[in-house]
Amino acid sequence: MVGKIIALRDMDNFSRRSSVYVDPECDKFFEMPLFIAASTTDMTTKCQCWQFSPGKEPALRSFTEIQQLLQQGKKRDVKSILRENSWPINSPIRAQLWPALCAQHQTKQNMLDGFYWDMVHQVFGTTELSDKPIMLPAFVDPAHCLTYHLTRTGRSVADRIVNVLGYDCPDITYSPVLYPITSILLHFMSEEEAYHCLAALVGSKEKVFIKQTKLQHEVTWKTVMQIAKKHSKNAVTYFQRICPGVKLERVFMDWCWWILAGLPFQHLVRIMDCYFHEGIKVLYRVALVIINLFHKECQSNNEWSPDNIKNDIGNALIKFCKKIPVSPTKLLHAAFSIRGLSSTYISRIFMKTEMILKSRSVLNNGSKQLVKSRSSDNLPSSQSQVNIQMMSHTLTIRERLYTETCRNLLFTLWSWLPVRITMYQPVLLYTTEEHGCSLTTFYVRVEQHEPTLMMIKTCNNEVFGAYCSTRWFERNVKDDKGQRQAYFGTGETFLFSLYPERAKYPWVGIENEKDLGHASELFMAADSKMITIGGGEGQAIWMDENIRFGKTDSCKTFNNPPLCPSGDFEIRVLEVYGFDGV
């Protein structure tokens with residue numbers, strides 16, 4: 001209660017002492033400078049003085065209509081409205097619309113009133129806005145602290161927001177787009193609302209908005225490059241031809257800055273209308289349109305002739321964006337007219353690129369680093385080893401030295417896990433010995449955990465299984481068309497055999513950059529009747545709803561042989577492990 005009172009008092013003071021006005025230089029974007037109010041109510045009141053462009057305004061949808069659709073879960077209807085309604089840049093609707101759009105992605109429990117201001121006090125020792133510069137967190141790129149004409153006070157507020165976010169989200173290690181998005185939000189809402197919007201975007205599980213590590217950042221621009229090679233093939237070929245000495249990677253490394261640093265603010269605001277609902281795929285689409293438009297201009301405008309751009313095509317792209325020859329409406333229309341660019345397709349490209357980079361990273365670290373990462377420090381604790389050996393009926397093979405065999409099997413399996421997962425201790429989530437043979441029970445106990453390790457022991461004492469990179473709950477997730485995905489998972493999934501043979505079967509895409517087709521990415525599938533891992537001309541592991549019988553074949557996803565000689569098997573024990581703290 002004290003925190004709430006402090007927050008409310010400081011909010012009142014905030015509106016009087018540190019109101020954030022947009023720099024007058026921004027008048028070219030707005031009819032008048034925007035006022036960053038202390039609350040949505042204040043925003044509504046203070047926006048009454050905004051002057052709209054003369055002439056008849058088109059019939060635009062209201063926030064009330066959109067809010068009703070959000071409450072009804074009609075996300076596709078909301079998507080259509082956001083794409084089609086070009087609200088003026090100075091429309092007060094965004095003061096309510098943007099927080100509502102971001103709030104739908106919130107994964108944490110509702111934050112108490114005053115949470116942000118309590119965090120500010122915890123980080124800075126006061127809620128007063130200091131006149132001294134604030135040191136930015138390490139994940140911010142100083143070269144791209146775009147402010148979009150915020151005043152000095154506005155920039156200080158943005159600095160404070162990203163600091164609090166970094167304190168609350170320590171897993172963010174590299175996220176250069178966070179600061180620009182913070183600045184954009186501050187044009188339309190209070191400091192506290194902007195923080196909550198960012199927290200929702202960062203924590204979103206269903207859709208991707210903001211990448212938070214250097215690996216994810218690299219995977220993102222490489223994903224854009226791969227998509228462009230297919231959907232903007234002529235443009236990419238043209239760039240390669242006129243700049244033979246410049247690697248294509250150098251062009252696409254700055255793809256997000258074409259949008260955030262290049263496009264006029266009115267274009268950027270309209271893109272954000274859709275981005276806050278649909279996620280990063282909106283930016284992918286806009287990037288492709290920019291490439292195609294630039295290619296077109298290069299062939300007809302001497303300003304962008306090969307001689308003028310070949311030495312610095314990346315900078316030329318940003319300059320072109322500043323003078324982009326289409327309106328925000330036409331830009332978005334072109335972006336959403338690109339066919340074959342579904343969320344599923346983008347996710348598949350992203351996951352494949354991520355797995356390739358991860359596998360190369362491990363290989364490039366060298367054998368010494370690999371040995372170090374697999375040292376005893378990264379094995380289960382002694383107590384965990386004892387616990388697993390005592391409760392595991394899968395790893396215990398009835399031999400004379402079965403205890404030592406169990407230990408060796410455990411260590412072998414542990415050495416195959418992704419390095420980051422070996423930092424966590426394994427926890428038994430489900431075993432048929434204790435929880436019964438029911439797929440329903442399996443889902444109840446396992447489906448929300450990620451990753452999981454599945455181990456099967458057959459009635460013939462064969463032991464094999466799979467490391468499953470994605471939650472089994474993903475079987476319920478629907479695509480943009482409202483249909484459940486048949487297969488899900490990522491290329492981090494792998495198969496293994498422990499007894500009588502010991503072997504690991506990773507995803508075939510790790511060592512092959514070529515498009516191997518849909519069959520190579522059939523990682524996991526499940527419904528009320530069965531579980532499947534691996535596909536393409538066979539299923540690597542299939543189990544029935546009673547978790548009693550199964551079969552194993554070779555498959556294209558993992559290029560594995562059958563995991564037991566007979567192909568068909570009867571399950572003696574199924575065990576599934578999670579990892580505490582992941």
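Author: Two strands count as paired if DSSP finds at least two bridges between them; a strand here is a DSSP run of E with at least two residues, a helix one of H or I with at least four, numbered from the N terminus. This is a predicted model, so local features need pLDDT of at least 70 and side-chain atom pairs pLDDT 80 or more, while totals for chains, interfaces and linings use all residues. Residues are numbered from 1 along each chain as its sequence is written, and side-chain values use heavy atoms, without hydrogens or water.

Reader: How do you know that strand S5 pairs with S6?

Author: Five bridges join S5 (residues 463-468) to S6, and the two strands run antiparallel. Because at least two bridges are required, S5 and S6 qualify as a pair. Within this pairing, Phe464 stands opposite Ser497 in S6.

Reader: Why is S6 called mostly covered?

Author: Five of the six residues of S6 (residues 494-499) are buried, that is, under 20% relative accessible area with a 1.4 Å probe and protein chains only as cover. In the protein, buried residues make up 52% of the 582 residues. Its whole fold holds 24 helices and twelve strands.

Reader: Which residues line the largest cavity?

Author: Its lining has 15 residues, each with an atom within 4 Å of a point. Val177, Lys211, Trp255, Cys256 and Ile280 lie nearest the centre of the largest cavity. Helices H10 (214-231) and H13 (255-262) each supply at least two lining residues, and H13 gives the largest share, three.

Reader: How is this lining divided by class?

Author: The lining of the largest cavity has eleven nonpolar, three polar and one charged residues. Nonpolar means Ala, Val, Leu, Ile, Met, Phe, Trp, Tyr, Cys or Pro; charged means Asp, Glu, Lys or Arg; the others, Gly among them, are polar.

How values were computed
Buried < 20%, exposed > 50% of the residue type's maximum accessible area, 1.4 Å probe, protein only. 1 Å grid on protein atoms, 1.4 Å probe; cavity = no way out; pocket = protein on both sides within 12 Å on 5 of 7 lines; lining within 4 Å.
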